[in-house]
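Me: I am new to this structure and would like to learn how to read it. Could you take me through it step by step?

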Amino acid sequence: MRTIRLRAALPALAGAALLTGTLLDVPAEAAGGVKIHHVWFDSPGPDNRSNKSLNGEWVQIRNTGGSAVSLKGWVLKDASNHRYVFPNVKIGAGKYMKIHTGSGKDTASDKYQGRRAYVWNNDKDTATLTKASGAKVWSCSWTTRDPSDKYC
Ligand SMILES: [Ca+2]
């Protein structure tokens, strides 16, 4: 009897496991994907607005998902709504991308806002990443309690 019961129970268990797996996959997918990983809000050295100093200020995003994500039209903005709109680019699975404040030549891993002034406040600010639709993807805040950078 015990064997029969076990055999009868196995398909039910397998079904439960499949169902659980399906239910768990939804939040797992939502949690995976693109996030703000690291913000260097206080560039090294004096804030002299040199291009090097401006580029020492950046936000690094990371794609924790298993497939490339198009960032076309996505927006990275500060608390004062200074916006950087992503061009038609993708971030590969598992890849990192830094968005620098100053000017430079965009590469797969480094993008440049082309600004002549700082964006990310050294005392406190919030970096927010949204999709083109405006849907919030991630936000990261810091204060003077944080050093010159913040892992999000
Ligand atoms: Ca700054």
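Reply: Happy to! Keep in mind that this is a predicted model. Let us begin with the metal site: the calcium ion has protein donors Phe41 (O), Glu57 (OE), Trp120 (O) and Asn122 (OD1), which lie 2.2 to 2.4 Å from the ion.

Me: What spacing do the donors of the calcium ion follow along the chain?

Reply: Reading along the chain, the pattern is F-x15-E-x62-W-x1-N. Phe41 and Glu57 are 16 residues apart and link distant parts of the chain. Phe41 sits in the loop between β1 (34-40) and α2 (51-55), while Glu57 is in the loop between α2 and β2 (58-63).

Me: Are Phe41 and Glu57 buried or exposed?

Reply: Residues under 20% relative accessible area count as buried. Both Phe41 and Glu57 are buried.

Me: How many disulfides does the structure hold?

Reply: There is 1 disulfide. Cys140 belongs to strand β10 (residues 136-142), and Cys152 to the segment after β11 (149-151), so the pair, 12 residues apart, links distant parts of the chain.

Me: Why is the disulfide called left-handed?

Reply: Look at the torsion about the S-S bond of Cys140 and Cys152: because this is about -80 degrees, the disulfide is left-handed.

Me: And which accessibility does each cysteine have?

Reply: Cys140 is buried, at a relative accessible area of 4%, whereas Cys152 counts as partly exposed, with 28% relative accessibility.

Notes: Residues numbered from 1 in each chain as written. Predicted model: local features only at pLDDT ≥ 70, side-chain atom pairs only at ≥ 80, totals over all residues. Heavy atoms only, no water. Donors = N, O, S within 2.8 Å, 3.2 Å for Na, K, Ca; no water. Helix = DSSP H or I, 4+ residues; strand = E, 2+ residues; numbered from the N terminus. Buried < 20%, exposed > 50% of the residue type's maximum accessible area, 1.4 Å probe, protein only. Disulfide = S-S within 2.5 Å.
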